[in-house]
Structure formats: C-alpha cells, structure tokens
Amino acid sequence: MSSDSSRKIQVPDELKEVLLQFSISFLVEQPPDVIDYAVEYFTKLQSERPSGGHTDISTDDQLSVNSQDADAEPPVMASSRRKSVFAEAYDPEADDDDDGATAVFPKTDEQRARLVESVKNVLLFRSLEKEQMNQVLDAMFERKVQPGDYIIRQGDDGDNFYVIESGVYKVYINDKHINTYNHTGLFGELALLYNMPRAATVQAETSGLLWAMDRQTFRRILLKSAFRKRKMYEELLNSVPMLKALQNYERMNLADALVSKSYDNGERIIKQGDAADGMYFIEEGTVSVRMDQDDAEVEISQLGKGQYFGELALVTHRPRAASVYATGGVVKLAFLDVKAFERLLGPCMDIMKRNIDDYESQLVKIFGSKNNITDTR
Ligand code: 1OR
Ligand code: 1OR
C-alpha cells in the first residue's frame, strides 16, 4: 500500500458547512435542476461575501426570506424560487418507514383537553379520520421548555414534530431570525415530511409548553395524507399569479389550509350582502359574478381556473359585494377560511388591493358610479 492511499483526507469544516447549507437550500426550494441551482446559489454567495474575506456562512442568508419579524429584508433567489413548491423526487407512497406500532402516552383528562385545544387549528391534522386523530392524540407527549432552550438545531436529523400550546419561539436560518411563533402553530414538520435535515433552528424565547410527536408516528399517520394534500394543490397554487408573492414554505402551509368544495351548474356559491367566512380559488370550471341592479342580477364578470374570488369582503371587512354562481358544469373550488386567510395571505395583500382597485374602475365603467364596494380600506 502506498503512503498516499493511507493518508487521511481532511474535510475542512468550511466545506462541510457550505455543502450542508447548499443542500438545505436545495431541499427547501426544490428547484428542477441541481446544476442550474448550484450555479445561481454559489454565484450569489460569492457576490455577497465581504470583499477580501472568505465565506462567512454563519451570517449569510442564502435562503429567500419574507417575514414581518425579520430584522431586514434579505436577498431573494429570484429565478430559482418558483419552480416547484413540493418535493418532486420524494415519493412517500414508496417509502415504508412503518414499524406498525404507535406509541401511547397516557394522559389525564385535563392534559387531553389541553392537547385537543392545542391541535384544533393544526392544519396538517385537518384531513385525518377520527381513528387516526385519536392515534395522534395518544402518541403526543408534553415537553416543557425554558427560555433559551434549543428545540431544533438547523442541520440535525429530524426526531420530533411539535405543536405549540404556549410560549414564544424564534426561528433562525444561518443565525438570521426569519420567523416567530407566538403561542400557536407547529414546527419541525419539514424534516420529517421530506426526509431532510432540519431547515432551521428553533429556540424558545419564553418558557412554554409543547406537544411532541415522534418521527415514526408522524410518518405512519400524517405523512401520506399531508404529502398528498400538498401535492394535490401544487398545480393550483402555482397557477395563481398572486401567490407568487409567497415563499415555497408559505405556499405549503396554504395547501394544508385549503378545503375542497364542489358546486353543481347554477348553484350559488356566494350571496351578495352576506357576511364573509372565507375566499375561493378555482380549481376547475367557471363561475359567474353577478351584482344586484334594479331588482335584477347583472353579470359583471366570469372567472375560471387559477382565478380567485371572495377576497374583497375579507380585505374590506364588509358584506359580500356580489353573488357568485357555478356555470357550465361542476365547479371545483379550494376554500380558504377567514382565519387562515389572515394568517397566511399577508404577503399577497398589496396585490389583492391593487386588483380591488381594478374592480372599482370596472364598477364605474359598468354602472357609471361607485357602489361603495371598497371604501373602508
Ligand atoms: P424542520 O423540521 O426543518 C425547523 O425544522 C422548522 O422551522 C421547520 O421544520 C419548519 O417547521 C420551521 N423555512 C423553513 N422552515 C421554517 C420556516 C421557513 N419558518 C418556520 N420553519 N421560512 C422560509 C425561509 C426561507 C419562514 C417563512 C416565513
Ligand atoms: P366578495 O367577498 O365581495 C363577491 O364576494 C366576490 O366577487 C368579490 O369578493 C370578488 O372576489 C368578486 N366587483 C366586486 N367584486 C367582484 C368583481 C367586481 N369581480 C369579481 N368580484 N367587479 C368586476 C370587475 C371585472 C367590479 C364591479 C362591476
């Protein structure tokens, strides 16, 4: 054996770190081409590093970030961002991480009541059958946290998934603050869903209480339904121009929140003057938007696949400005309730408001006057 082949190759820490960050970015963004993405990623990294110095990956933000909580608006990987929301390469149907047994953690009535309350708004649980929901509740266990505790560290393997009962949690990517959870929400699902390293670090800011679920249970009960749902809405969410304002991660959360509804030809979906409970995206078919005018209804617009309606009343906090009917056969819609709308569509608000300004000018054209559809904005 030559001395060369027995010499130990040192892998520099910087190389390990750069490749890890690249892999995480790639897995979160899910671009279609790894080489194109790598060129763009490393070119950006190079252009951003301080002149003369070498890569300081601990303070760089290679991922696109958009959060009211972030201290500053970091750069965005523009062209790589929109390609695919969800992991294409990974097929959970073919993945059998199932050892059959689901853990059961006994709980007092009081504990169970608190848990049920905490998971009420967990979107990932929405598509579960009752039996599966009970398994989920059995399998969750309480974890108390203290201020400063690290719950998840970026780059680690995924162990648990967490639902928040209380506490404030800050999320960091490469030491940059990108998100905050305030006493509600869930985190830690990405690594378990997509079988990838933790995309971010999560640290408790205050003391608090979490409900945890281990990886096996998560994958056995939740993986397939959650994955299917995200996949099902991928095409729709990619086809709505307004949603380009969202990050991939935000579009995934939106997919979790949508509920499918279908309407027969002629059926009324929204009634003018009613209070609003949510908005709709059109998956299939067309709808007719009609306004009351002198005891009759006048069609003011037709909308089709990839378009949305019912947002106006949510933005203006007024009654429905028009009625909407299914036309030309069965219409398939994805419904987003008002709570999820307020939580998830903040980044699209400016675009929606601009489109609403268009309604106003159309209104003047069609009826010759403003009908006060938007004046509380
Ligand atoms: P995980 O298993 O990867 C870290 O562990 C968790 O942080 C992650 O699951 C999510 O639950 C949570 N991007 C990625 N992960 C995020 C983000 C996020 N926010 C919270 N987590 N954002 C996009 C940044 C490019 C923030 C969007 C506002
Ligand atoms: P909503 O929550 O008020 C009815 O419920 C929905 O019809 C409304 O949200 C919009 O999403 C949708 N003016 C007002 N609402 C409209 C219009 C519209 N078009 C679609 N909707 N105009 C048509 C512009 C081409 C202007 C009025 C003539």
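Colleague: Hi! Which atom of ligand 2 is close to the side chain of E311, and what's the distance?

Modeller: Hello! In this predicted model, an oxygen atom of ligand 2 sits 2.5 Å from an N or O atom in the E311 side chain.

Colleague: Nice. And what about the side chain of R320?

Modeller: There, an N or O atom of the R320 side chain is 2.7 Å from an oxygen atom of the ligand.

Colleague: What does the backbone of A321 do?

Modeller: A backbone N or O atom of A321 lies 2.8 Å from an oxygen atom of ligand 2.

Colleague: How much of ligand 2 does the protein bury?

Modeller: The protein buries 95% of the 590 Å² that ligand 2 exposes when taken alone. The space that ligand 2 takes is the second largest pocket.

Colleague: Which elements give two or more residues to the shell around it?

Modeller: Those are β11 (278–293), α10 (312–316) and α12 (349–367). Of these, α12 gives the most, with four residues.

Colleague: How many residues surround the ligand, and which are the closest?

Modeller: There are 17 residues around ligand 2, and the closest are G310, E311, A313, R320 and A321.

Colleague: Changing topic: what's the strand order in the open sheet of four strands?

Modeller: The order is β1-β8-β3-β6, and the pairing is antiparallel.

Colleague: Why is one side of β1 and of β6 left without a neighbour?

Modeller: β1 (141–145) and β6 (186–187) are at the edges, and each has a single partner strand, so one side of each has no neighbour in the sheet.

Colleague: How many bridges does β1 make with β8?

Modeller: β1 pairs with β8 (residues 208–214) over five bridges, in the antiparallel sense. K144 stands opposite L209 in β8.

Note on methods: Residues are numbered from 1 along each chain as its sequence is written. Chains are lettered from A and ligands numbered from 1 in the order in which they are written. This is a predicted model: local features need pLDDT of at least 70, side-chain atom pairs count only at pLDDT 80 or more; totals for chains, interfaces and linings use all residues. Side-chain values use heavy atoms; hydrogens and water are left out. Two strands pair if DSSP finds at least two bridges between them. A residue is near a molecule or strand if one of its heavy atoms lies within 4 Å of it. A polar contact is a pair of N or O atoms within 3.5 Å; within protein, one must be able to donate a hydrogen and the other to accept it, and residues adjacent in sequence count only if both atoms are side-chain atoms. Accessible areas come from the Shrake-Rupley method with a 1.4 Å probe; for residues, only the protein chains shown count as cover. On a 1 Å grid over the protein atoms alone, a cavity is a set of points where a 1.4 Å probe fits but cannot get out, and a pocket is an open set with protein on both sides within 12 Å along at least five of seven lines; lining residues have an atom within 4 Å of a point. A molecule sits in a cavity or pocket if more than half of its atoms lie within 2 Å of its grid points.
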